[in-house]
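Hi,

Here is the structure I promised to pass on to you. Have a look at it first, and my notes follow below.

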Amino acid sequence: MGKDHILVGLEIGTSKICVVVGESKPDGSIKILGVGQAPSRGVRKGEIVDFDTAQKCVHEALVEAEEKSDVMIKSVYVGITGSHITSFNNRGAVTIPEEQDEITGEDCETVREAAKDVSIPQQNTFVHEILQHYYVDGQDGVLNPVGMMGSKLEADFHIIHGIGNRIRNAVRCVKEVPLDMEDVVFNAYAAAQVVLNQNQKNLGALVLDIGGGTTDYIVYSDGVVKQSGVLAVGGDHITNDVSMGLRIPMARAEKLKVEEGSVTLGNALPGETILLKDDHGFAGKEVERETLNTIIHMRMRETLELLKRTLLRHENYLDLLGAGVFITGGTSQLKGLDHLVEEIFELPTHVTHAQTMSGLTSAFENPQFSTAIGLVKYAQAKAPQRGWRWPWQRWRNNE
Amino acid sequence: MIDLNRSYHLVPQTNDAVKIKIIGLGGAGSNALDRILLDGIDDAELVAMNSDVQSLTSSVANEKVQLGREATRGLGAGGDPEVGFAAAEEAMEEIRAALDGAGLIFLCAGLGGGTGSGAAPLVASLAKEHGALVVVFATMPFSFEGKRRAAQAHEALAALQAYADAVICFENDTMGDAVSPKAGIHQAFAAADETISQSVRAISQLFARPGILRIGFDELRAALSGNNARCLFGYGEAEGDNRAHDALALALKNPLMDRGRMLHEAHNLVVNVAGGPDMTLAEVQILMEELGRHLGDETHILFGAAVDPKMGPRLGVTLLSSTQIGVQTTEAAAPVETPAKIVRRRAPELVQSEPEAEEIEEIEEIEEVDEPEEASEPLRQESRAPRPKHGARPPKAAPEMLPAGAAKMEPKQETLQFEAVTRGRFEKSEPTIVDGHDLDVPTFLRQNVRVK
């Protein structure tokens with residue numbers, strides 16, 4: 001098996017750390033060889049807060065993935081998130097010299113650099129600049145301007161940036177394992193690669209990756225990324241609310257949320273209670289089902305309404321979402337969440353997982369792994385482009 | 001763009017400038033005044049007013065008004081607000097003369113003592129008569145100074161809130177917290193003076209600095225308008241690469257801001273950014289974006305930017321706002337009468353000046369002269385709410401009245417106190433604040449939904 005074909009995605013999540021080993025097939029498909037995961041500690045809201053502990057967990061997950069896939073992992077693609085990740089759209093322009101009448105690939109690079117020539121906070125670094133459209137002499141909808149005639153080349157980019165030090169924390173965590181770092185990828189962008197197909201991207205879709213610590217979102221329309229971002233509220237918040245509302249320990253609250261929790265109100269029988277059993281199976285406290293669901297419902301409703309407001313803030317992207325909303329990530333498994341999303345966004349909603357994969361079915365059919373599998377897919381798309389150096393290489397060289 | 005800024009600076013703006021006067025009232029007031037002068041301030045006249053001649057002579061202010069030549073004979077008010085009031089009343093003409101021509105008056109007073117609590121409402125009302133915008137910087141006594149002083153301070157504060165356009169209230173206790181426990185007591189007081197000085201300077205500089213986007217007098221008035229406004233104030237200054245972020249963080253750290261948690265309730269917010277000629281638009285954008293996270297959707301931002309070569313490499317952010325305490329407004333308006341009440345009672349009498357000592361013994365001595373006569377005239381306000389139990393009021397200082405009075409004012413004394421919110425698991429992590437809501441606090445708690 002050629003080593004070049006092995007692609008590994010690592011997601012350092014708030015609730016779990018997940019490693020997916022994939023094999024890139026010549027026909028463009030991906031075969032999942034193995035998945036390693038470990039419960040995450042030392043990570044809050046998608047960001048590493050306790051370095052040593054987090055690193056141990058990363059190591060555990062990597063070892064498991066190596067065992068399962070029987071592959072020696074040398075380099076990984078790392079997913080990042082956190083409330084510091086922000087994005088905006090910007091247009092770059094470049095004038096083609098008169099003596100040169102054909103637009104070259106070099107000009108495309110120049111225009112990319114021009115689009116990045118905006119001020120972001122000093123401490124921030126660029127994570128992605130994702131091409132939206134080219135314009136040649138003001139004519140829009142150009143997909144590939146190379147070889148075209150023109151005097152002015154412009155391009156819209158969706159630029160995602162975040163605080164450099166926090167991104168480097170994740171990178172350092174990987175390097176000290178030690179592993180090579182291929183690239184850092186924004187979680188939602190990675191997840192969208194496998195959750196959506198090209199048709200859905202064209203129609204317009206919103207991907208909500210609701211994880212343990214954060215909710216990452218990305219909007220596709222006309223096949224390109226229009227908006228993306230992070231809201232640092234996730235499943236952990238629900239657990240915390242439940243724990244505080246019912247006065248039970250976090251671990252118990254988490255179990256209760258996963259096993260019994262639902263966002264649908266009015267579904268429980270009046271006075272219906274859930275018996276909490278302690279570790280030895282003895283009966284303990286009783287909680288009312290409706291109370292539990294109310295706590296969860298209020299949190300999710302608030303979070304989704306907040307997301308909706310955020311999406312409406314700049315432009316009304318919600319009108320462009322022909323394919324609807326796609327929810328993924330661990331928290332998307334919450335019962336009834338799709339109906340709530342549907343109600344709030346007034347759009348068809350699907351709970352999805354990674355599509356178009358072969359190999360371990362159990363892995364890619366779980367929404368928890370969307371991001372990690374997405375990283376592999378992203379890696380596959382990027383890997384053949386060895387010709388030019390992707391800017392992320394600087395992390396590898398600087399550290 | 002830099003050249004343009006310079007040319008702005010060259011234009012002398014003194015003619016249409018609002019005349020600013022800073023008045024230090026009483027001992028604490030003149031301390032603050034000295035501090036302001038030491039820190040340096042332009043375009044403002046400083047006036048010290050005190051009944052204690054000794055303290056007055058040592059003041060560095062260029063204009064001085066002695067209160068109560070007859071009433072106290074150059075001694076202090078002895079911690080009795082009524083003596084303080086009588087003293088100010090006596091010097092009313094002099095006070096008027098000193099206030100004349102000012103468009104913006106800052107009144108600094110330490111409440112709780114005699115001159116500060118007694119004279120401040122009267123001076124504020126006189127200033128208001130002049131049509132000036134009156135901003136009061138009041139310090140509340142330390143809790144160890146005793147309940148009596150606290151009650152006097154609360155009463156005076158209520159009166160001030162009726163006259164002043166804005167009352168910026170500093171609690172010594174809170175400011176003392178900022179000082180390390182080992183620091184001397186003078187340092188705790190100095191910290192209070194410093195905060196006042198900073199705020200006065202920041203607000204006066206809103207007008208004094210040549211602004212690209214100038215915050216006008218009218219805008220400040222709009223932000224602070226309304227009686228009983230609770231003031232939110234923050235000022236931060238920083239330099240270095242990340243100065244926009246640092247300055248804002250500092251401004252939000254101000255004890256009067258409570259880390260921006262109050263901000264989302266604000267209707268109007270004055271934001272002024274001042275920096276040297278190298279201040280960039282990007283910095284301002286970053287700053288405003290960060291600030292925006294703390295604000296509600298409906299907050300009206302009054303933005304000003306000023307370039308001041310004196311700032312050098314530093315960048316300063318001033319946040320100023322007031323929140324209307326909707327329901328409590330009427331209640332808070334009730335104590336308007338306090339100063340009038342002081343007038344009605346008690347003819348000026350000599351008081352031995354044991355500076356701020358035996359006040360407690362004086363409680364019983366107070367007699368009630370209960371006729372609303374001319375003496376209360378300067379204080380009469382159209383807005384004064386008629387009180388049913390006008391004549392039947394118990395003597396002000398009657399012991400059982402004190403706790404009641406204090407309790408009544410409690411709601412608006414909450415300026416710096418907030419109920420402890422629980423964030424559970426997220427206690428130690430970076431808060432997620434969106435639109436002024438701390439999302440780490442359970443939703444049902446924030447929306448006040450009861451769960452069993």
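In chain A, strand E1 and strand E6 (residues 75-80) are parallel partners, joined by three bridges; strands count as paired if DSSP finds at least two bridges between them. Strands here are DSSP runs of E with at least two residues, helices are H or I runs of at least four, and both are numbered from the N terminus. Across this pairing, Gly9(A) sits opposite Tyr77(A) of E6(A).

Please keep in mind that this is a predicted model, with local features needing pLDDT of at least 70, side-chain atom pairs counting only at pLDDT 80 or more, and totals for chains, interfaces and linings using all residues. Residues are numbered from 1 along each chain as its sequence is written, while chains are lettered from A and ligands numbered from 1 in the order in which they are written.

E1(A) also runs antiparallel to strand E2 (residues 16-24) of chain A, with seven bridges, and a hairpin of three residues links E1(A) to E2(A). There, Ile6(A) faces Glu23(A).

Seven of the seven residues of E1(A) (residues 6-12) are buried, so the strand is largely enclosed by the rest of the structure. Buried means that 20 or more other C-beta atoms, placed from the backbone, lie within 10 Å of the residue's own; exposed means 12 or fewer, and partly exposed is in between. Ile6(A), Val8(A), Leu10(A) and Ile12(A) point one way, and Leu7(A), Gly9(A) and Glu11(A) the other.

Happy exploring!
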